[in-house]
Amino acid sequence: MYAKSKHWLCWLLLGLMLVQAAPSVAQQRSKKTTTRKAPVRKSTTKSKAQLERERLANLRRIREASRILSQTQKQKEASLGQLNALKEKLDVQKGVIRNISSELKYIESDVRQTETQVQQTQQSLEQLKSEYARLIYASSKTANSYNRLMFLFAAESFNQLMLRMRYVRQYSEVRKTQAAQITSVQQRLNRQLTGLTEKKQEKSSLLTTQLAENRNLSTLKVQQDQVVTKLSRQEENLRQELANRQEAVRKLDNLIAQRVREEIARAARVAAAKAAAKAAAERAAAGSSSPGSTARTSPAAEAAATRVDRITLTPEIASISSSFAENRGRMLWPVARGFISQHFGRHAHPVLKNVIVENRGVDIQTSAGEAVRAVSAGKVLTVTSIAGMNNIVMVQHGEYFTVYAKLRSVSVSEGDQVQAKQSIGTVYTNSEGTSELQFQVWRNSSNLNPESWLGQK
């Protein structure tokens with residue numbers, strides 16, 4: 001009988017060791033499962049934060065275009081200003097739809113990833129529950145077969161007693177660990193399911209928004225076609241307006257070219273005079289000059305005096321030019337609100353067929369009475385007016401020049417020093433209700449594209 005009991009005790013100890021080892025393996029397996037890394041999402045061109053910034057920027061642009069459009073509609077049934085505002089709203093509306101499509105792709109990717117995580121967590125939970133059930137079953141068999149105290153006191157030696165106590169304690173700890181793991185995994189699964197529900201709701205809301213924005217886009221296209229049709233009936237008037245504009249542009253080009261040439265010549269004379277004075281001072285200091293000698297102009301001074309293609313860069317002019325050039329791509333806009341209604345360079349007329357127009361700068365359509373501001377610190381070189389361009393302000397920034405045309409009023413004078421963001425006047429509003437600024441950038445005699453200089457509003 002004793003031998004049989006002893007044999008059973010050995011079997012029980014072996015069973016406890018196996019049961020204790022099995023959960024440890026399960027723990028390692030479940031740990032690997034729960035710490036499995038989520039699939040790495042392929043890199044995309046825009047992050048969620050960028051998409052959110054674009055969404056807010058698009059909403060602001062739509063509000064601006066809507067306000068400008070309403071002002072043009074008050075004066076005339078159809079005009080180029082109205083057409084430009086509609087085109088801006090259309091372009092922004094397309095951007096809104098693209099933005100929503102990108103957000104939907106993110107959400108769909110998140111949903112797929114979360115569904116995978118939910119599936120993995122559910123498998124891990126089922127595995128933990130199955131292992132815990134086996135552990136409880138083994139525990140119940142042990143409790144029915146042999147009393148735990150009797151199991152401990154039946155030890156044949158003190159070392160065996162300590163060993164059995166350690167087995168009992170480890171067995172209890174394994175049960176507690178397994179129960180805690182099941183609770184933790186269940187909570188994680190609940191969080192994942194909640195997140196999955198929220199993502200699906202967000203996806204549904206975005207799809208509804210996308211449908212609404214597509215309807216808005218269709219409405220804008222219809223409005224644009226209607227305005228184009230109305231303007232097409234005014235072809236004679238449009239051709240006359242274009243001819244008047246081209247004449248005004250020609251006069252403005254001549255004015256800018258003349259003022260740039262004058263400034264290049266003036267800067268060359270100043271540089272030559274300084275060079276001559278410096279040379280004379282050096283000769284006097286060296287004792288080479290005599291009372292009857294005539295000061296000769298140095299080769300550098302003669303070269304500066306004959307230079308007609310660009311402004312002579314004195315240290316001061318070079319510093320101002322460098323400061324202006326550093327703002328390329330992030331320059332302040334000449335108006336706080338508005339959009340580019342006509343881009344730089346050659347492009348087709350928005351209504352007249354087979355007609356190409358050329359723009360030396362950019363036309364920025366804005367609200368009535370909008371303040372026009374200097375984009376960088378500089379000196380007011382010219383304040384004048386030209387028919388078709390209204391008041392004009394030209395500001396010099398070292399070897400760079402900025403031109404602001406189509407001003408209703410001017411608040412600066414020639415020779416004034418202006419700072420960046422300082423108001424120099426207000427924009428002009430024509431009889432059609434269109435408020436538009438012509439903005440140009442020059443480097444010496446070279447005409448530059450302002451769009452490559454202006455920053456994001």
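Here follow a few questions and answers on salt bridges in this predicted model.

The model is predicted: local features need pLDDT of at least 70, side-chain atom pairs count only at pLDDT 80 or more, and totals for chains, interfaces and linings use all residues. Residues are numbered from 1 along each chain as its sequence is written, and side-chain values use heavy atoms, with hydrogens and water left out.

Colleague: How many salt bridges are there?

Modeller: Side chains of opposite charge can pair when their charged atoms come close. A salt bridge here is a side-chain nitrogen of Lys or Arg within 4 Å of a carboxyl oxygen of Asp or Glu. By this rule the count is 12.

Colleague: Which residue forms a salt bridge with K203, and which helix is that partner in?

Modeller: The closest N and O atoms of K203 and E108 are 3.9 Å apart. Helices are DSSP runs (H or I, at least four residues), as are strands (E, at least two), numbered from the N terminus. K203 lies in helix 5 (residues 158-232), so the pair ties together parts that are 95 residues apart in sequence. The partner is E108, in helix 3 (residues 80-145).

Colleague: What is the relative accessibility of E370, the partner of R337?

Modeller: R337 and E370 form a salt bridge, closest N and O atoms 3.1 Å apart. The two residues lie in loops, 33 residues apart. R337 is partly exposed at 34%. E370 counts as buried, at 9%.

Conventions: Buried means under 20% relative accessible area, exposed over 50%, partly exposed in between (1.4 Å probe, protein chains only).
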